[in-house]
Amino acid sequence: MSNPKSAVIALGSNLQNPVRQIRAALAAIAAHPQIKLERTSSLYITAPVGYDDQPDFVNAVCAVSTDLSGVDLLAALNQIEADFGRERTFRNAPRTLDLDIIDYHRQSSDDPHLTLPHPRAHERSFVMKPLAEILPDFELGQHGKAADIAVRLGDDGIRLLS
């Protein structure tokens, strides 16, 4: 990679063996020729948000470096989701795999296709807890450090997968 950019990606799954889905998704990200997997959080079990009538999720966060643009990274992640059978039926629906860019090289973007940093990450313990585990001092926009945000959000509805 000639001029790598940093990115933070959140992973989630609650269908078709979610633990296996997350581990395979991390392997797929790492296998991409233009993405280098730098750090990976533990896996967490989390209660669903927004639509409760579904199984719990398995979530994780990874930090990567890439020479892809933000839009091209999003396209690569969307392709991985599609390869894993992701169907977008309705908002907050159960899913085989969900990959979200939380941050791309500290850039801000109001583009509806790729809003940066992720507009709801600071409200979600299933993003902030794993992010705080691997990058506690990571500054998420104007919301502060990952570790501080995770403490504010608390542990309700999230637990470390043993």
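Where does glutamine 16 lie? Select the loop between strand S1 and helix H1 (18-31): glutamine 16 is there. The model on screen is predicted.

**Stop 1**

With glutamine 16 selected, read its backbone torsions. Phi is near 55°, a positive value in a residue other than glycine. Most residues other than glycine have a negative phi, and most peptide bonds are trans.

**Stop 2: the loop between S7 and H3**

Next, select leucine 116 and proline 117. The peptide bond that joins them is cis, with omega at about -15°. Proline 117 has its place in the loop between S7 and H3.

**Stop 3: the largest pocket**

Now show the largest pocket, which holds about 800 Å³ of space. Its lining is made by 37 residues, and those closest to the centre are Asp98, Asp100, His118, Arg120 and Arg124. To see where the lining comes from, colour the elements that give two or more residues to it: strand S1 (5-13), strand S4 (57-66), helix H2 (70-83), strand S5 (98-104), strand S7 (114-116) and H3. The largest share, 4 residues, comes from S5. Colouring the lining by class gives 17 nonpolar, 10 polar and 10 charged residues.

**Stop 4: helices H3 and H4**

Select helix H3 (residues 125-134) together with helix H4 (residues 146-153). Their axes come within 8 Å and cross at roughly 135°. The crossing in which H3 passes H4 is left-handed.

Then display the side chains at this contact. On H3, pick Ser125, Met128, Lys129, Leu131 and Ala132; on H4, the residues they meet are Ala146, Ala147, Ile149, Ala150 and Leu153. By class, the contact of H3 with H4 has 8 nonpolar residues, 1 polar and 1 charged.

Definitions and conventions
Residues are numbered from 1 along each chain as its sequence is written. This is a predicted model: local features need pLDDT of at least 70, side-chain atom pairs count only at pLDDT 80 or more; totals for chains, interfaces and linings use all residues. Side-chain values use heavy atoms; hydrogens and water are left out. Axes are lines fitted to C-alpha atoms, for helices over the stretch in contact, and angles run from 0 to 180 degrees between N-to-C directions. A crossing is left-handed if the near helix is turned anticlockwise from the far one by less than a right angle, and right-handed if clockwise. Contact means heavy atoms within 4.5 Å. Ala, Val, Leu, Ile, Met, Phe, Trp, Tyr, Cys and Pro count as nonpolar, Asp, Glu, Lys and Arg as charged, and the others, Gly among them, as polar. On a 1 Å grid over the protein atoms alone, a cavity is a set of points where a 1.4 Å probe fits but cannot get out, and a pocket is an open set with protein on both sides within 12 Å along at least five of seven lines; lining residues have an atom within 4 Å of a point. Grid points are joined across faces, edges and corners, and a volume is the space filled by probe spheres set on the points.
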